[in-house]
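Please read them beside the sequence and the coordinates.

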Amino acid sequence: QVRVVESGGGLVQPGGSLRLSCAASGSIFSIYAMGWYRQAPGKQRELVATITSSGNTNYAESVKGRFTISRDNAKNTVYLQMNSLKPEDTALYYCRVPVRTDTGRYLEVWGQGTLVTVSS
């Protein structure tokens, strides 16, 4: 069994910052590329950023230069530092954690979502 818990969302004014965290726990042997996705009201879920186990990153054009994804492999945790937030960043943010369990199974685990609201 693998569990993922997200935290760090909230209400912030335009131009402000937030840091999201996503911690995985359970029967984990290894974790592949981790990612953050978001879904705004009335829109489809979209990729925000991904990071491989070796630290290679990829970002959506809309967040490049403002958001930074990082991970702590020892803690099975991925972070998303969001700076210069804009109202259009308002969304439910989800982390995606693909794992190989200690019994050899491949699982793709999603967080429950954390709400980020950017408004004055």
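What percentage of the 120 residues in the chain do buried residues make up? Buried residues account for 43% of them, where buried means under 20% relative accessible area, exposed over 50% and partly exposed in between (1.4 Å probe, protein chains only).

1. Basis of the note. This is a predicted model, in which local features need pLDDT of at least 70 and side-chain atom pairs count only at pLDDT 80 or more, while totals for chains, interfaces and linings use all residues. Residues are numbered from 1 along each chain as its sequence is written, and side-chain values use heavy atoms, with hydrogens and water left out.

2. Secondary structure. The chain contains zero helices and 12 strands. Helices (H or I, at least four residues) and strands (E, at least two) are DSSP runs, numbered from the N terminus. Along the sequence the pattern reads β-β-β-β-β-β-β-β-β-β-β-β.

3. Overall dimensions. The radius of gyration of the chain is 14 Å, which agrees with the value near 14 Å that a compact globule of 120 residues would have. This radius is taken over C-alpha atoms, and the globule rule is 2.2 Å times the number of residues to the power 0.38. Along the principal axes, the C-alpha atoms fill a box of roughly 50 × 25 × 25 Å. Of the contacts (heavy atoms within 4.5 Å) with a separation of 6 or more, 56% are between residues 24 or more positions apart.

4. Disulfide. With a disulfide defined as a pair of cysteine sulfur atoms within 2.5 Å, the count comes to one. The bond joins Cys-22 to Cys-95, at an S to S distance of 2.0 Å. Cys-22 belongs to strand β3 (residues 18-26) and Cys-95 to strand β10 (residues 91-101), so the pair ties together parts that are 73 residues apart in sequence. The link of Cys-22 and Cys-95 is right-handed, with 60° about the S-S bond. Both Cys-22 and Cys-95 are buried.

5. Nonpolar core. A nonpolar core is a set of buried Ala, Val, Leu, Ile, Met, Phe, Trp, Tyr and Cys residues joined through side-chain atoms within 4.5 Å. The largest such core has 33 residues, of which Trp-36, Leu-80, Met-82, Tyr-93 and Val-97 touch the most other members. Strand β10 gives the most to this core, with five residues.

6. Aromatic pairs. Rings of Phe, Tyr and Trp (its six-membered ring) pair if their centres lie within 6.5 Å; planes under 30 degrees apart count as stacked, over 60 as edge-to-face and the rest as tilted. The count comes to two aromatic pairs. One of these is the tilted pair of Tyr-32 and Tyr-106, at 5.8 Å centre to centre with 50° between the planes. Tyr-32 lies in the loop between β4 (28-31) and β5 (34-39) and Tyr-106 in strand β11 (residues 106-110), so this pair connects parts that are 74 residues apart in sequence. Tyr-32 is partly exposed at 34% relative accessible area, and Tyr-106 is partly exposed at 41%.

7. Charges over rings. A charge sits over a ring if NZ of Lys or CZ of Arg is within 6 Å of the ring centre and within 35 degrees of the ring normal. The charged end of Arg-19 sits over the ring of Tyr-79, 4.0 Å from its centre. Arg-45 lies over the face of Trp-110, at 4.7 Å from the ring centre.

8. Is Arg-66 buried or exposed? Arg-66 is buried, with a relative accessible area of 10%, and its place is in the loop between β7 and β8 (67-72). Leaving aside residues up to four places away in sequence, Arg-66 touches Gln-81, Met-82, Asn-83, Ser-84, Leu-85, Lys-86 and Asp-89.

9. Positive phi values. Ser-84 has a positive phi of about 50° although it is not a glycine. Ser-84 lies in the loop between β9 and β10 and is partly exposed, with a relative accessible area of 41%. Asn-76, also a residue other than glycine, has a positive phi near 50°. Asn-76 is found in the loop between β8 and β9 (77-82) and is partly exposed at 24% relative accessible area.

10. Gly-55. This residue is in the loop between β6 (46-51) and β7 (57-59). At 38% relative accessibility, Gly-55 counts as partly exposed. Gly-55 and Asn-73, 18 residues apart in sequence, are 9.8 Å apart in space, C-alpha to C-alpha.
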